Amino acid sequence: TATVDTNNGEENEECLFQALAKLYKMVPEVKEDDAVKMDNKGDVPSVPSSSGRFGDVKKEGDDKNNNNNKEDINSSETKDDAVQDNEKDGSSPPKLVRKEAGVGNLRVLKHKSFGDNSNEEKNQQNQSSGRVVQRQKGSNSLILNVRLIPKQCKVLRPGEKFVQLNAPSKDGTLESFLFRVKATEDADKLAKHLENMLESENES
């Protein structure tokens, strides 16, 4: 068990795991050419039609058939556009990309129990007695402070030296944090401690 820093408000917590890690925040990928494509969609130049030169020769019935065909084509194009829009607005999540947020000591902390007062303190901390804290190397500024809330947090292993934590933010939206440690052993221990914390919280 690692020591805690009493100068950073961790005096009532126990450090279960600590390791130097690089922090990435997973953010939705923004394609710059998407807006350009949408702007250029209506700029396709129209091609002059030669049907006017032969309009007097065509029969009235042919004109009606052509108009009906045009209406069918336009309606089908409208339906296709609607389907494409629905697919774009569907439930499929956007692709997430890494955005580096800092490097420093990553710490898994567990709140100490103090008899009957522990339940009240636990309720004040979003039904969680554990959290993940990370401070920037050198400046010691706080770059991550996430509560480990059961049934809302999820631990993933996207790589041998990577551990991903999905957790709700203060406003309730789900955020994804990616940690890269030096060794696979550190990643194994980090994932295990996070999972154990969530399981123990869920059982309590």
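These are my notebook entries on a predicted model of one protein chain.

**Ground rules.** I number residues from 1 along each chain as its sequence is written, and my side-chain values use heavy atoms, with hydrogens and water left out. As this is a predicted model, local features need pLDDT of at least 70 and side-chain atom pairs count only at pLDDT 80 or more, while totals for chains, interfaces and linings use all residues.

**Overall layout.** I looked up the elements and found four helices and seven strands. Helices (H or I, at least four residues) and strands (E, at least two) are DSSP runs, numbered from the N terminus. Read from the N terminus on, the order is β-α-α-β-α-β-β-β-β-β-α. Buried residues (under 20% relative accessible area; exposed is over 50%, partly exposed in between; 1.4 Å probe, protein chains only) make up 26% of the 204 residues. Next I checked contacts, meaning heavy atoms within 4.5 Å. Among those between residues at least 6 apart in sequence, 63% join residues at least 24 apart.

**Lys22.** I found Lys22 in strand S1, residues 13-28. Lys22 counts as partly exposed because its relative accessibility is 29%. Val103 is 81 residues away from Lys22 in sequence, yet their C-alpha atoms are 4.4 Å apart. Setting aside neighbours within four places in sequence, I list Glu100, Gly102, Val103, Leu178, Phe179 and Arg180 as contacts of Lys22.

**Gln134.** Is Gln134 buried or exposed? Gln134 is buried, because its relative accessible area is 0%. Gln134 sits in strand S3, residues 130-136. I traced its side chain to the backbone oxygen of Ala21, at 2.9 Å. That is a polar contact: a pair of N or O atoms within 3.5 Å, where within protein one must be able to donate a hydrogen and the other to accept it, and residues adjacent in sequence count only if both atoms are side-chain atoms. Not counting residues up to four places away in sequence, Gln134 also touches several others, including Leu23, Val103, Leu144 and Phe179.

**Nonpolar core.** Of its 26 residues, Val132, Leu144, Leu148, Leu165, Phe179, Leu190 and Leu194 touch the most other members. At least two residues each come from S1, S2 (96-111), S4, S6 (162-168), S7 and helix H4 (184-203). H4 gives the largest share, six residues.

**Largest pocket.** A pocket is an open set of points on a 1 Å grid over the protein atoms alone, where a 1.4 Å probe fits, with protein on both sides within 12 Å along at least five of seven lines; lining residues have an atom within 4 Å of a point. The largest pocket holds about 360 Å³ of space. I count 14 lining residues, with Asn145, Val146, Pro168, Ser169 and Lys170 nearest the centre. S4 (142-147) and S7 (174-181) each supply at least two of the lining residues, and S4 has the largest share with five.

**Positive phi.** Most residues other than glycine have a negative phi. I noted Asn140, in the loop between S3 and S4, with phi near 65 degrees. Asn140 is partly exposed because its relative accessibility is 39%. Lys151 also has phi near 65 degrees, and lies in the loop between S4 and strand S5 (154-159). Lys151 counts as exposed, because its relative accessibility is 76%.

Terms used: Grid points are joined across faces, edges and corners, and a volume is the space filled by probe spheres set on the points. A nonpolar core is a set of buried Ala, Val, Leu, Ile, Met, Phe, Trp, Tyr and Cys residues joined through side-chain atoms within 4.5 Å.
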